[in-house]
Amino acid sequence: SSVKNINDEAFYGCSSLWEITLPEGLTSLGCGVFQECTSLYSVTIPNSVTNLGGCMFSGSGVNEVHLPDSLTEIPESMFSNCKQLSSVNIPQQVTHISDYAFCDSHISLALPPHVTSIGNSAFYNTGQIKLTNNITSIGDYAFSYSSLDSLPNKLEHIGEYAFSRTSFSQPVIIPNTIKSIGKYAFEWASMPYPLTFEPGITTIPEYAFAGMYLDSLLIPNTVTQIGSNAFAGSWINSVTIPSSVTTIGDNAFKGCSLTAINFGDAPQSVMQRSVRTINKLEKIGRGSFSNCTNLAEVVIPEGVTEIGESSFYNCSSLKELTLPSSVQLVGDSCFALCSKLDSISVKATAPPTISANTFESVSRSIPVSIPSGTLDDYRANAYWSEFLAIGGLPTALSQFELIEGVYAQNGAIVIDN
């Protein structure tokens with residue numbers, strides 16, 4: 001054929017075009033050649049074609065497409081919004097799926113083994129996609145609202161919202177090859193098995209798993225940092241934070257459905273109040289567990305020196321709190337609005353620094369246990385002394401009636417005759 005090139009948008013919007021035969025010898029198809037051809041059904045692109053433009057079939061009614069064997073990349077928006085697309089061969093030599101390539105096409109397909117990168121929104125709102133383990137990079141929104149089996153085991157980069165509202169049918173394992181995870185990468189993703197991290201991962205990036213549906217979370221003991229908002233707003237019932245973690249970032253678990261926080265390498269109930277390993281955790285960031293309204297008990301592990309402001313703000317079901325001997329600072333509003341708190345155990349011999357709002361809305365009549373021989377120091381502290389039953393005895397700050405005719409006054413029990 002003498003026809004070598006078909007220019008950009010040559011058949012754009014030809015709504016009555018339903019069939020076309022492309023000649024052998026054709027080498028180039030421009031951008032949007034069949035865009036909005038709503039009646040188009042089937043197209044075979046000859047193997048002589050070496051150059052394909054973007055948006056080739058975008059918005060068309062095409063059902064079947066055969067691509068040339070020499071193709072190494074699926075161009076940008078090539079099949080975007082092709083609602084009827086049911087069959088397309090991805091040539092074995094393809095290594096990259098460009099931005100929006102199959103966006104809103106609803107197709108299900110398996111990618112060939114040489115694909116290494118997926119562009120932004122490439123498979124946004126499609127069907128079931130089977131990935132290859134050679135994929136190392138996945139762009140923003142790449143598989144949002146789509147279905148996958150699991151993740152590639154050589155993955156290095158995951159873009160923002162890459163798996164937002166994605167449905168996984170197999171266990172999701174975050175490989176130790178990962179270098180970056182974008183914000184809200186797994187937002188509202190659904191999976192039938194717990195999220196698992198391969199050993200070797202050292203940092204969980206900020207916002208990486210915010211808004212996820214999880215039952216339980218076991219963080220590997222190679223992780224040293226949990227980034228800010230890493231799991232914020234996720235449906236997680238329990239989390240195990242290993243002794244290797246040194247810092248929990250601001251708002252890391254804010255608004256989660258947590259009922260238990262386990263510190264230590266081996267899963268254990270916080271009801272045991274024991275930590276069998278030496279924890280390296282030193283600081284719990286601001287708002288880290290705020291608004292975790294199902295959390296009933298918190299045992300801060302030994303080694304923690306600082307609990308940031310509002311860390312457990314509005315944990316409205318919290319009843320029992322244990323602070324370690326290492327703690328020095330409990331931030332402003334840290335346990336504010338924890339109105340059901342009915343006991344506090346402080347193991348620090350020197351009263352930790354607190355503010356007027358640290359325990360806002362917490363009853364000052366609840367028992368506060370402290371180490372033997374430290375009562376005078378706690379009573380001398382302007383804010384700890386507000387707790388009337390600190391150290392098991394009422395403070396000297398005021399007189400209050402215990403039962404009718406029996407008062408506590410200046411550290412003594414007075415019976416009114």
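Trainee: Which strands form the open sheet that starts with S19, and in what order?
Mentor: Bear in mind that this is a predicted model. Six strands make up that open sheet. The order is S19-S21-S23-S25-S27-S29, and the pairing is parallel.

Trainee: Which ones sit at the edges?
Mentor: Strand S19, residues 203–204, and strand S29, residues 329–330. Each of these edge strands pairs on one side only.

Trainee: How many bridges join S27 to S29?
Mentor: Two. S27 covers residues 306–307, and the two strands run parallel.

Trainee: And what is the bridge partner of Glu 306 in S29?
Mentor: Leu 329.

Trainee: How do S12 and S14 pair?
Mentor: In the parallel sense, over two bridges. S12 spans residues 137–138 and S14 spans residues 157–158. Ser 137 has His 157 in S14 as its bridge partner.

Trainee: New topic: Cys 82. Where is it placed?
Mentor: In the loop between S6 and strand S7, which covers 87–88.

Trainee: Buried or exposed, that Cys 82?
Mentor: Buried. The relative accessible area of Cys 82 is 0%, and the cut-off for buried is under 20%.

Trainee: What does Cys 82 touch, leaving out residues up to four places away in sequence?
Mentor: Phe 57, Ser 58, Gly 59, Ser 60, Val 62, Asp 104 and Ser 105. Take Val 62: this residue and Cys 82 are 20 residues apart along the chain, and their C-alpha atoms are separated by 6.7 Å.

Trainee: Back to strands. How many bridges pair S26 with S28?
Mentor: Three, in the parallel sense. S26 runs over residues 297–299 and S28 over residues 320–323. Val 299 stands opposite Thr 322 in S28.

Trainee: What about S28 and S30, how many bridges there?
Mentor: Four bridges join S28 to S30, residues 343–346. These strands run parallel too.

Trainee: Which residue of S30 stands opposite Leu 323?
Mentor: Val 346.

Note on methods: Residues numbered from 1 in each chain as written. Predicted model: local features only at pLDDT ≥ 70, side-chain atom pairs only at ≥ 80, totals over all residues. Heavy atoms only, no water. Pairing = 2+ DSSP bridges. Buried < 20%, exposed > 50% of the residue type's maximum accessible area, 1.4 Å probe, protein only. Contact = heavy atoms within 4.5 Å.
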